[in-house]
Structure formats: structure tokens, C-alpha cells
Amino acid sequence: MDKNKVLFGLRNVHVAFKGEAGAYGVPKPVPGAVNLGLSGAGDTETFYADDIPYFTFSANNGYTGDLEMAIIPDWFKIEALGWVKDGNGMVIEVADGEQKPFALLFEVQGDKAKKRYVYYNCNSSKPSEEHATIEDTRTPQTQTATITIIPEEIEGKSVVKGSLEMSLETATAFNAFYESVLLPDFTPTP
């Protein structure tokens, strides 16, 4: 049960890349979070019978949206997008680089308690870039990548995300949240 009435802020963005065996690696911080805007993907269908809406069902196809950062670090582009660092130390955008899925972890504030989120099975587009001249004031330019999140099968269930609000009951998992990707525990609770 949520304690919060409102949520605000975005901080502590981390990514954990999936290894070849399918397990997530250790979450790595990505500083400079500005905004994350995600929209649900999937449609709702209504089946009509007896001249009325008889049955309605929805397809949950995850989310898609934009992650805006002060700067998206080169190490992320290399690992997530398959770009390479050459012998000169230059980061090279490889058009057919192999993308690597990752988990996206972050925290928001609430009026009562912090809340942490993990989105599983994410992919990133290459970041948008904008460069502008300095005028009367210096306005930082940000970078935005489109993130696509699709369901992942975990313990026989199609899982998209998890959220964890800080409380006495969740303190252990909450405090260890960025040590490894927290996977669902579908063990029934008494």
C-alpha cells in the first residue's frame, strides 16, 4: 500500500546489463538524470456480444519513452549500443553495432517515502544530440535516448517492472537495491 500521495524528482539512475547467460550484472550509476517520460505500449480490445461490450482485454507490451540526461556517458553507448573505442581513444558510432539489453533502476522522492523502480529488459536508441552557441547565458544542452521496455519472462510470469517504497518491511531490499537487480519473488506470503 502506497504511503505517498505524490511523487517528484528523479535521481540515482543505474543500468545493469544482461550477460550472455541472461543474468543481469551489477548496476552501474549513470549520473546527470534530468527527466524520464514513459508511456505504456499495448492496446485494449473490446469484444461485443448480445449488443453490449461482452469482454475487454488489454495487451501489456511494456513501455516506450525518453530518458533525458545531462550527458549520456560514452561507456553506456559502447555497452548498450555496440559502439567501439578505437586505438586513438575515440568513440566510434557503429551503424550495425549489437545492442545489449539492460535493467533500468532509479529513485523518485515522495511526500512520505522514497520509491525505487526497476524496469527489466530495456533497449536504448542512440542519443539525440544538440549543440548550440553560447549567448547571453550558458544553457546546458542535454542528451535524450529513447528507451523501449518489453516484457521478460521471470519465474514463469511476463514481467515489465517493479517498484519498492521504503518502509520498515522493505528496508533490507530497499537498502540493497543498487547492489544487484532485484528480481521478483513470487513466493506466496502468509
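User: How many cavities of 30 Å³ or more are counted here?

Analyst: The count is one cavity of 30 Å³ or more. This is a predicted model, where local features need pLDDT of at least 70, side-chain atom pairs count only at pLDDT 80 or more, and totals for chains, interfaces and linings use all residues. Residues are numbered from 1 along each chain as its sequence is written, and side-chain values use heavy atoms, with hydrogens and water left out.

User: What makes a set of grid points a cavity and not a pocket?

Analyst: The way out decides. On a 1 Å grid over the protein atoms alone, a cavity is a set of points where a 1.4 Å probe fits but cannot get out. A pocket is an open set, with protein on both sides within 12 Å along at least five of seven lines. Lining residues have an atom within 4 Å of a point. Points are joined across faces, edges and corners, and a volume is the space filled by probe spheres set on the points.

User: What makes up the lining of the largest cavity, by class?

Analyst: There are 10 nonpolar residues, one polar and no charged. Ala, Val, Leu, Ile, Met, Phe, Trp, Tyr, Cys and Pro count as nonpolar; Asp, Glu, Lys and Arg as charged; the others, Gly among them, as polar. The lining includes Val13, Met69, Phe76 and Ser124. Strands S1 (7–17), S6 (63–69) and S11 (143–149) each supply at least two of its residues. Strands (E, at least two residues) and helices (H or I, at least four) are DSSP runs, numbered from the N terminus.

User: Which strand gives the largest share of the lining of the largest pocket?

Analyst: S14 does, with three residues. Both S10 (115–124) and S14 (161–165) supply at least two. Among the lining residues are Tyr120, Gly162, Leu164 and Asp185. By class, the lining has nine nonpolar, two polar and one charged residues.

User: Why is Gly37 called partly exposed?

Analyst: Its relative accessible area is 34%, so Gly37 is partly exposed. Gly37 lies in strand S3 (residues 33–40).

User: Which residues does Gly37 touch, not counting those up to four places away in sequence?

Analyst: Gly37 touches Thr64, Gly65 and Asp66. Contact means heavy atoms within 4.5 Å. Gly37 and Gly65 are 28 residues apart in sequence, yet 5.4 Å apart in space, C-alpha to C-alpha.

User: How do you know what confidence the predictor has in the chain?

Analyst: Read pLDDT, the predictor's confidence in each residue, from 0 to 100. The chain's mean is 91, and 98% of its residues reach 70 or more. Confidence is lowest in strand S5 (residues 52–58), at a mean of 83, and highest in strand S2 (residues 28–29), at 97.

Note on methods. Buried means under 20% relative accessible area, exposed over 50%, partly exposed in between (1.4 Å probe, protein chains only).
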